[in-house]
Amino acid sequence: MSAGRASFGARLAQVVAERGPLCVGVDPHPSLLTDWGLPVTAGGLERFALTCVEALAGQVAVLKPQSAFFEAFGSAGVAVLERVLAEARPAGALVLLDVKRGDIGSTMAAYATAYLSDDSPLAADAVTLSPYLGFGALEPALELAAGTGRGVFVLALTSNAEGASVQRAVAGGRSVAQAVVDEAAARNAGARPLGDVGLVVGATVGGVPGKPASGSVDGSGASLEGGSGLDLSRLNGPILAPGLGAQGATVAQLRTVFGSALVNVLPSSSRDVLRRGPDMRTLRDAALTVRDSLLL
Ligand SMILES: O=c1ccn([C@@H]2O[C@H](COP(=O)(O)O)[C@@H](O)[C@H]2O)c(=O)[nH]1
């Protein structure tokens, strides 16, 4: 463990107890920059992202910058991402960098250094990882995260309908997604109050794979009926649940999808909150309204 930093599971449990479980995504879509009256340039990106940090990082439990929208501006965009990471930290939100990395172990070690080591300018409190080169290939990241009080969120059952053809495929009597759940659960066994190995399970994943979601505004086609079909009872770790709002999932559906695992779920929304900017108070109020609806 890094000097003075508690485990990610402990830090997350504390901030969720103080602020509720909402995660807000910082996804600077070019169309949102335009809607906010900003140029689609690195300067516009910076104004957008730092407004989000100022409005939200003192309020919500987790901020989730989506790396792709920063990378799209090249090195200038990555520099903005570094500022987001640095400026969100003192405001109290944990920062989950949505970057979905996964590679052979030797390369994974370099990704781990980039996002999970104390000295890196891109270090976040947690990152999203893809297990599709094998869960074991993620070992360097799992090890460094545990050693520095950071966390990971491994893709299990993603919010998009296309994910089901791979993730719900059955091998050895269980789905691929369930195998990811079981690997994460094994890593978290015995951790208190919560393990550091989280999962990504879309808020949209209930019911029959591929059935279109009636409320989806972006055509993601995710299905919203029924439970996730996963046994999450032994996970002992956090679950990031993207898909709230723009992808059609509602707060009411979270209980159906996650059942008793809901207690460890971080519902996540990006566009549905961000479209309320650029006014900082309106943006903050939008996030707080969603946050409060989760606590009812
Ligand atoms: O299964 C997944 C994993 C990640 N995401 C990411 O979350 C946000 C969702 O944005 P909205 O605007 O709320 O739809 C985005 O960054 C995705 O890349 C996901 O949607 N589903």
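Modeller: Two strands pair if DSSP finds at least two bridges between them. Keep in mind that this is a predicted model. Strand β2 (residues 62–65) and strand β3 (residues 94–101) are joined by 2 bridges. The two strands run parallel. Look at L63: its bridge partner in β3 is V95. Helix α5 (residues 74–88) packs on the sheet there. Helix α5 touches β1 (23–26), β2 and β3. The direction of α5 makes about 175 degrees with that of β2.

Now the wider setting. Strands β2 and β3 belong to a closed barrel of 8 strands. The order is β1-β2-β3-β4-β5-β8-β9-β10, and the pairing is parallel. From one strand to the next, the twist averages 30 degrees.

Strand β10 (265–269) leads on to the ligand. Both β10 and α11 (271–274) give two or more residues to the shell around the ligand. There are 18 residues around the ligand, and T158, S159, P242, S270 and R271 come nearest. By class, the shell has 11 polar, 4 charged and 3 nonpolar residues.

One helix pair is also worth a look. Helix α3 (residues 42–56) packs with helix α12 (residues 280–295) at an angle of about 60 degrees. Their axes are 9 Å apart. That angle makes α3 oblique to α12. The crossing of α3 and α12 is right-handed. From α3, the contact uses T51, E54, A55 and L56. From α12, M280, L283, R284 and A287 take part. This contact has 5 nonpolar, 2 charged and 1 polar residues.

How values were computed:
Residues numbered from 1 in each chain as written. Predicted model: local features only at pLDDT ≥ 70, side-chain atom pairs only at ≥ 80, totals over all residues. Axes fitted to C-alpha atoms, helices over the stretch in contact; angles between N-to-C directions. Helix = DSSP H or I, 4+ residues; strand = E, 2+ residues; numbered from the N terminus. Parallel < 35°, antiparallel > 145°, perpendicular 65-115°, else oblique. Left-handed = near helix turned anticlockwise from the far one by under 90°. Contact = placed C-beta atoms within 7 Å. Nonpolar A, V, L, I, M, F, W, Y, C, P; charged D, E, K, R; others polar. Near = placed C-beta within 6 Å.
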